[in-house]
Amino acid sequence: MKYKGIIFDLDGVICSTDEYHYLAWKSVADSLNIFFDETVNNRLRGVSRVESLEIILENYDIVLSEKEKLVLMEKKNTLYKELLMNMSPENLSEEVKNTLDELRQRGYVLAIGSSSKNARYILDRLGLGTYFDVISDGTNITYSKPNPEVFLKAAEQLKLQPQDCLVVEDATAGVEAACRGGFDCAGIGDAAGDGRATYGLGRFGELLKFL
């Protein structure tokens with residue numbers, strides 16, 4: 001096998017919580033009378049909560065203290081987690097689950113590499129709480145994507161070198177992180193056409209034909 005391990009981003013790859021992120025951040029922006037739409041929201045994909053807030057505040061004239069920013073981030077996360085309670089195993093597509101099962105049957109070790117601090121909670125809601133061999137997420141990293149730390153830590157926990165792993169990403173920041181870390185990358189969704197990706201996927205199941 002060309003690869004021994006597969007490292008998946010979570011949101012936009014295994015599942016989609018974009019709508020919940022959008023609604024939660026929009027609530028924060030609206031409370032500050034800051035314009036927020038899908039275009040702004042797309043800039044938040046694949047980056048940390050701290051960086052997301054800074055992007056939103058680009059359109060805000062008042063300088064906020066770090067304490068005030070923490071309050072806003074906590075407000076966003078509380079609302080986001082309330083919305084996540086709507087998730088269930090029904091939100092995991094049959095194609096994704098069947099593909100993961102096939103990868104497992106073929107002998108690959110599987111990991112999550114997500115900047116989200118809610119990754120474990122989301123996986124639990126999907127019924128995948130104990131499915132992956134390793135979960136590297138926002139709780140164990142210092143730098144978010146496009147820094148490769150989350151993927152490097154996933155590979156380290158899998159006891160594999162980057163060249164032995166394939167990263168699956170839907171965000172350009174994630175593709176950049178994979179490249180900077182020395183990983184091959186399969187781009188899906190918005191990242192499918194990213195020229196830096198090793199493979200472009202039209203849908204999740206196409207991953208199998210490259211392995």
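Which residues of the largest nonpolar core touch the most other members? In this predicted model, they are Phe-8, Ile-14, Leu-100, Leu-110, Phe-132 and Leu-207, out of the 36 residues that make up the core.

**Nonpolar cores**

- Leu-100 is in contact with Phe-8, Ile-14, Leu-110, Tyr-131, Phe-132 and Phe-204, when residues up to four places away in sequence are left out of the count.
- Another core, of 19 residues, lies apart from the largest one, and its members include Val-150, Val-167, Cys-185 and Ala-191.

**Packing of helices α1 and α4**

- The axes of α1 (residues 18-31) and α4 (residues 66-84) come within 9 Å of each other and cross at roughly 145°, and the crossing is right-handed.
- On the α1 side, the contact is made by Tyr-20, His-21, Leu-23, Ala-24, Trp-25, Ser-27, Val-28 and Ser-31, which meet Leu-72, Lys-75, Lys-76, Leu-79, Tyr-80, Leu-83 and Leu-84 of α4.
- Sorted by class, the residues in this contact are ten nonpolar, three polar and two charged.
- Thr-78 also belongs to helix α4, and its C-alpha atom is separated by 8.5 Å from that of Ala-24, a residue 54 places away along the chain.
- With a relative accessible area of 40%, Thr-78 is partly exposed, because this value falls between the limits of 20% for buried and 50% for exposed residues.
- A polar atom of the Thr-78 side chain lies 2.8 Å from the backbone oxygen of Glu-74.

**Buried strand residues**

- Ser-136 is located in strand β3, residues 134-136, and is buried with a relative accessible area of 0%.
- Leaving aside residues up to four places away in sequence, Ser-136 touches Ile-112, Gly-113, Ser-114, Ile-141, Val-150, Lys-153, Ala-154 and Gln-157; one of these, Val-150, is also a member of the 19-residue core.
- Leu-201 is located in strand β6, residues 199-201, and is likewise buried, with a relative accessible area of 2%.
- The contacts of Leu-201, again without residues up to four places away in sequence, are Val-168, Ala-186, Gly-187, Ile-188, Gly-189, Ala-192, Glu-206, Leu-207 and Phe-210, and among them Leu-207 is one of the residues that touch the most other members of the largest core.

**Backbone features in the loops**

- Most residues other than glycine have a negative phi, and most peptide bonds are trans.
- A cis peptide bond, with omega about 20°, joins Lys-145 and Pro-146, and Pro-146 lies in the loop between β3 and α7 (149-158).
- The C-alpha atom of Pro-146 is separated by 20 Å from that of Leu-201, the two residues being 55 apart along the chain.
- Asn-33, in the loop between α1 and α2 (38-42), has a positive phi of about 60° although it is not a glycine, and this residue counts as exposed at 75% relative accessibility.
- Lys-159, in the loop between α7 and β4 (165-169), is a residue other than glycine with a positive phi near 60°, and Lys-159 is exposed, with a relative accessible area of 75%.

Note on methods
Residues numbered from 1 in each chain as written. Predicted model: local features only at pLDDT ≥ 70, side-chain atom pairs only at ≥ 80, totals over all residues. Heavy atoms only, no water. Axes fitted to C-alpha atoms, helices over the stretch in contact; angles between N-to-C directions. Helix = DSSP H or I, 4+ residues; strand = E, 2+ residues; numbered from the N terminus. Left-handed = near helix turned anticlockwise from the far one by under 90°. Contact = heavy atoms within 4.5 Å. Nonpolar A, V, L, I, M, F, W, Y, C, P; charged D, E, K, R; others polar. Buried < 20%, exposed > 50% of the residue type's maximum accessible area, 1.4 Å probe, protein only. Polar contact = N/O pair within 3.5 Å; in protein donor to acceptor, adjacent residues only side chain to side chain. Core = buried A, V, L, I, M, F, W, Y, C linked by side-chain atoms within 4.5 Å.
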